[in-house]
Amino acid sequence: MALNLVLRRASSSLLPLAIRTVGSPRTFHSVISTVLGAKKCSFSRSSVVPFQRFSTKPASDEKLIEVLESEINCSDQPTEKHIPDEFPFEFQDNPGERTILLTRKFGDEIIKVEVDMPNVDDEEDEDDDDNEHKEINDSIPLVVSITKGSGTCLEFGVTALRDDVQIDHLSMKRPENSEDQLAYDGPEFTELDENLQKAFHKYLENRGIKPSTTNFLLEYMINRDSKEYLHWLNNLKKFIEK
């Protein structure tokens, strides 16, 4: 009995002290929440060290990627070139290849034209007055092959400039598996009689090799060159970034 009386007196004396310490308006759970909240707030964003990604590439590689990005951003952006409805040839343009191939039939002849990348005149004259009268020498090389039923082919090497078509050379090509030897290709084209040269120009013009055709091809190939160059730069950048 004496022991129980002591315990009751002790608990009754400690309870007011606990209430005064905690504060009567708040419960035990609110005190715990306050303590936990204080600890949680101590971990602010400013105290957390952000994760940093470290590159394992040499500095020279990073510099090369930077220069490639700059070149890509500064390069001429190609535009879409639509083939005119009256264009006399069918197009075979495979992205990533250096040349395009044009084909058509003309009577019993099969005509193929291989068009290479353009030679663009980028030189600028320091004198502005001279630039106004400067001749533009952009050009594209063509190989024109005209084949008949026997398989024998007449081949022209052509340079197409703006508003002009020049024949550089011509030769006869024997068909595959032929035993005939056609070794003699004749003289240089410029050494032929002038009337014969004009007749060969007319011969090609009738088959679609004329300024109205080659002027479009020149613009098309200049635009294509820009497109292929950008594609090439992007492939280089992707390879180095891996």
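What is the volume of the largest pocket? It is about 240 Å³, a volume being the space filled by probe spheres set on grid points joined across faces, edges and corners. A pocket is an open set of points on a 1 Å grid over the protein atoms alone, where a 1.4 Å probe fits, with protein on both sides within 12 Å along at least five of seven lines; lining residues have an atom within 4 Å of a point.

This is a predicted model, in which local features need pLDDT of at least 70, side-chain atom pairs count only at pLDDT 80 or more, and totals for chains, interfaces and linings use all residues. Residues are numbered from 1 along each chain as its sequence is written, and side-chain values use heavy atoms, without hydrogens and water.

Select Asp-76, Val-120, Ile-222, Asp-225 and Ser-226: of the 10 lining residues, these lie nearest the pocket centre.

Next, colour by pLDDT, the predictor's confidence in each residue from 0 to 100. The chain mean is 79, and 68% of residues reach 70 or more.

Go to Ser-145 in strand β4 (residues 139-147); strands are DSSP runs of E, at least two residues, numbered from the N terminus. Ser-145 is buried, at 16% relative accessibility (under 20% is buried, over 50% exposed, with a 1.4 Å probe and protein chains only). Its contacts beyond four places include Ile-110, Lys-112 and Cys-153.

Finish at Asp-163, in the loop between β5 (153-161) and β6 (164-173). Asp-163 is exposed, at 59%, and its phi is near 65 degrees, a positive value. Most residues other than glycine have a negative phi.

Conventions:
Helix = DSSP H or I, 4+ residues; strand = E, 2+ residues; numbered from the N terminus. Contact = heavy atoms within 4.5 Å.
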